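Please read this briefing alongside the sequence and the model. The notes below are grouped by topic, so that each can be followed in the structure viewer.

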Amino acid sequence: MKLTKKVALAAAVILAASSLASCTGGGGEKTTASEEFPSSWDEEITVDVFDGLANYMGVQQGWFADIVKKKFNMKLNIIAPNVAGGGDTLYNTRVSAGELGDLIVTDKGEKLDELIAGGLVLDAADYYPAMDSLASFDKAVERLNEDSGGIYGFPTSVSSLQPTEPSEGLNPTFGPFVRWDLYKELGYPEIGTLEDLLPVLADMQELNPTADNGQPVYAFSLFKDWDGNMMVTAKQPACFYGYDEIGFVLAKADGSDYQSILDPDGEYIRNLRLYYEANQLGLVDPESTTQNYDTLFSKFQNGQVLFSWWPWLGQSAYNTEQNMADGKGFEMVPLADQSIFSYGAEAYGGKQVFAIGSKAEDPERMAAFIDWLYSPEGAYANSSQTMGSAGPEGLTWEVNDAGEPELTDLGKEAFLEGGATVPEEWGGGAYADGVSALNTTSVLPIDVDPATGFPYSYTFWPTYQATVANTLTEDWSANMGDATSTMGYLEDNEQLLVAPGASYTAPADDSETETLRNQVKDIIKQYSWQMVFAESDSQFESLLDELIETANGLGFDKVLDVDMANAKEQNDARVAVTEEFAG
Amino acid sequence: MTTQAQSQVVLQEAAMGNLSHQSKRRRGRRFTPAGGRTSFTLFLCILPFLVLAFLFSYLPLYGWIYTLYDYKPALGLAGSEFVGLQWFQMLVGSPAQMAQIGQVLVNTLAISFLGIATSVLPLAFAIFLNEVRAPWFRSSVQTLTALPNFISWVLVYMIAFSLFSSSGLVNDVLMDAGLVTAPLKFLDTDQNVWLTMTLWSIWKGLGWGAIIYLAAIAGVDQSLYESARIDGAGRFQTMWYITVPQLMPTYLVLLLLSIANILNNGMEQYYVFQNAFNKEYIQVLDLYVYNVGMTGNNLSLATVIGMLKSIISVALLLTVNAVSKRVRGESIV
């Protein structure tokens, strides 16, 4: 009896101790300093990649998997919270279990700090000297890790551009893009301000009430997948006027204005009113309330939507080579008073970071892999699906006789004709299926490859620009003062407002603010949707009053104060970085 | 699942009751070591259940400690900040917050009461089904109505979506027939949310709920029917005067169990059906806890609200107990 008691006690103690140990994690195994990474790895491993940006869950396939396999003898098992659904559920579950993954892509600031404090990420200081490709972005790495006492994270979206230069390519991130062919049929009516879009879009919808597939066409089609602090599609038009969100504040890129999103005269409510009026005119897709981004995207592909807030939605879905040759496609219409927000090149990297998990199976290989992502080869091969790097050299592009990079036939097929099949020696399969599922940009595609002297993104190459002139772009260009690109037009007409890339991250909310924020944003999203689909002006106004009252009751003001302070701090950082790089 | 667990507890309590009676009797009659050994053996018999009850009902109460911390999973409980009663204060400190929880409680109770009010439907369904003479028809109806119980709520929502969304079958038919010009909003509206939710759970649970009554009907003594028929009772009279009274005890037990479960209406159904338009009326307590904890990322506050549920449940139980004491002269606890 006594013996069993002792055994039971011992078992209980061991159990308790081991369960505690799994929570604290610790610093992982001791790392040894390396001067140079091995050129080959003998043992094949599969690594877990916890990737906050990934839209694909499972083992990486296709040509990117093939490159990773050949170079590092490993497979990437992508764990995507976006696919798993439900906010931070997956993150919290894995973090509680004491391990996020071998390779981690997460937000800097609060999340990274927490992971460092909890011992879930590895201090890669011992490997850093061997990370040669990152050496050219050393300033950004140092800045990211300056207060952490080690090298825990590696910044994404780094570049060697000036922070006051736009980080986007030929197109801005935001902009009023419409079906140019229909706009042309209306005789290119002038559009003074945002609200003047409505009659134009109504005429366009009347002109083209059904798409080729027989489905009805709507000017606006909304979706809710990305709703965060507010209704995401209702924020976008604010970006046409130089505002971007920081918490519940819309801050102008040049620091000249800060608005509460619940300001009845502010940009956010203005946009809700715009959609409400559009809905009264029958311009809003009734499926908006239930559809997701994928459905929306296929509607764009089928020509069922007339307005796009972003070039990378409308154009990438609808502007196929065939459509453009027929003169059909999305192009930006100029609003006379627009001043489009542009993200400056982030001097110290973007919001996300790469990090190595403290329990990584082979941390050295992880470090080598991360380093490779910053090499020219990695920058070409790995880019988010929407950013448009040129893919691996030899497959999709090659340097031509004149010494300029040029798309191969396969590259043209893959990028311009909507899909190509990759040869077996590159891993086979459709090109699109083999794109890096990391969906995270290491080096901005606008950055220049020292070997070719041209940017990583093919859209900047003269060889590409010479081949893509078509009926649509020519017509657009002729009507836009012979502009060669949207970005060029905006810059020439001073309709672009660049927010210097200060790599600012808002400090973590204290837990009370965070809780208030989460409750308030739920209410804001809920009422925003209801307001867009309100049945009458009076209902719209009463919902607005109710929203403001409820939000204030739940502590909106307190959170707003925090956000206002952050917005101003962000502006200070922008001013500072501008001066730093100018001098 | 919950009902099963509940009935297990009932059985267990019954067993424990019997046991204590027995041992009391024994103690009174003959206090010998042999008797002691018997009661120890019997104690060993219930030990596993005591352990289970402890593990699943009492041990989790340890989790209430999270209410006193600002819990961050990455830091663990030891690394998280101790904040005392901050979350409780936050909950009671703001009228808007209280109003929200009030609305959530109203939703929970309303949906539960609608569920209880419609709990006679499986009973009626079973009685009528039993009267069907053709066995093939009876069993196929039974199978078809029991099947939805095995479909997950996610799939039920898919069915609901393809039927009732703005581009769903129903709206297509109505539009094509020219009955409506704009699609009707069945899913994204705050009109009649409680009712539609109840209808969906009836659709899903009716056939399944009827099974237990069908079993009870099979156990009714046939001679009762025979003698009733000899006395000239018609079909509806035998249903009303024999079947219904015979089923009453079963019905009352199930009713009691569902009243005990009044705050537990689960969250799957409401989770899949929730959207910005119906959220205000669909958010039941379990879903609210999930939304605050998982979606809103505040596990500590979610625990506080979860605690609230336990406290209300205990209060309800004590009320019912007091009523029972007064009415029947017997108390449950």
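**Briefing on the predicted model**

The UniProt record, an unreviewed entry, annotates residues 105–320 of chain B as "domain: ABC transmembrane type-1". The model is predicted, and the points that follow should be read with that in mind.

**A sheet in chain A**

- Chain A contains an open sheet of 3 strands, with the order S10-S6-S11 and antiparallel pairing.
- Strand S10 (307–308) and strand S11 (330–332) of chain A stand at the edges of this sheet; because each has a single partner strand, one side of each is left without a neighbour in the sheet.
- Strand S6 (residues 177–179) of chain A pairs with S11(A) in the antiparallel sense over 3 bridges, and the bridge partner of A:Val178 in S11(A) is A:Glu331.

**Cavities**

- The structure holds 3 cavities of 30 Å³ or more, and the largest cavity has a volume of about 40 Å³.
- Residues from chain A and chain B line the largest cavity, among them A:Thr289 and A:Thr290 together with B:Phe164, B:Ser165, B:Ser166, B:Lys185 and B:Asp188.
- The lining of the largest cavity divides into 4 nonpolar, 4 polar and 2 charged residues.

- A:Asn439 is buried, because its relative accessible area of 13% falls under the 20% cut-off.
- A:Asp482 is likewise not a glycine and has a positive phi of about 60°, and this residue is found in the loop between helix H18 (471–479) and helix H19 (486–492) of chain A.
- A:Asp482 counts as exposed, because its relative accessibility of 60% is over the 50% cut-off.

**A buried serine in a loop of chain A**

- A:Ser375 lies in the loop between helix H14 (363–373) and helix H15 (376–381) of chain A, and at 10% relative accessibility A:Ser375 counts as buried.
- A polar atom of the side chain of A:Ser375 lies 2.5 Å from the backbone oxygen of A:Trp372.

Conventions
Residues are numbered from 1 along each chain as its sequence is written. Chains are lettered from A and ligands numbered from 1 in the order in which they are written. This is a predicted model: local features need pLDDT of at least 70, side-chain atom pairs count only at pLDDT 80 or more; totals for chains, interfaces and linings use all residues. Side-chain values use heavy atoms; hydrogens and water are left out. Helices (H or I, at least four residues) and strands (E, at least two) are DSSP runs, numbered from the N terminus. Buried means under 20% relative accessible area, exposed over 50%, partly exposed in between (1.4 Å probe, protein chains only). A polar contact is a pair of N or O atoms within 3.5 Å; within protein, one must be able to donate a hydrogen and the other to accept it, and residues adjacent in sequence count only if both atoms are side-chain atoms. On a 1 Å grid over the protein atoms alone, a cavity is a set of points where a 1.4 Å probe fits but cannot get out, and a pocket is an open set with protein on both sides within 12 Å along at least five of seven lines; lining residues have an atom within 4 Å of a point. Grid points are joined across faces, edges and corners, and a volume is the space filled by probe spheres set on the points. Ala, Val, Leu, Ile, Met, Phe, Trp, Tyr, Cys and Pro count as nonpolar, Asp, Glu, Lys and Arg as charged, and the others, Gly among them, as polar. UniProt positions are given in the numbering used here, feature names are shortened, and annotations may be inferred rather than shown by experiment. Two strands pair if DSSP finds at least two bridges between them.
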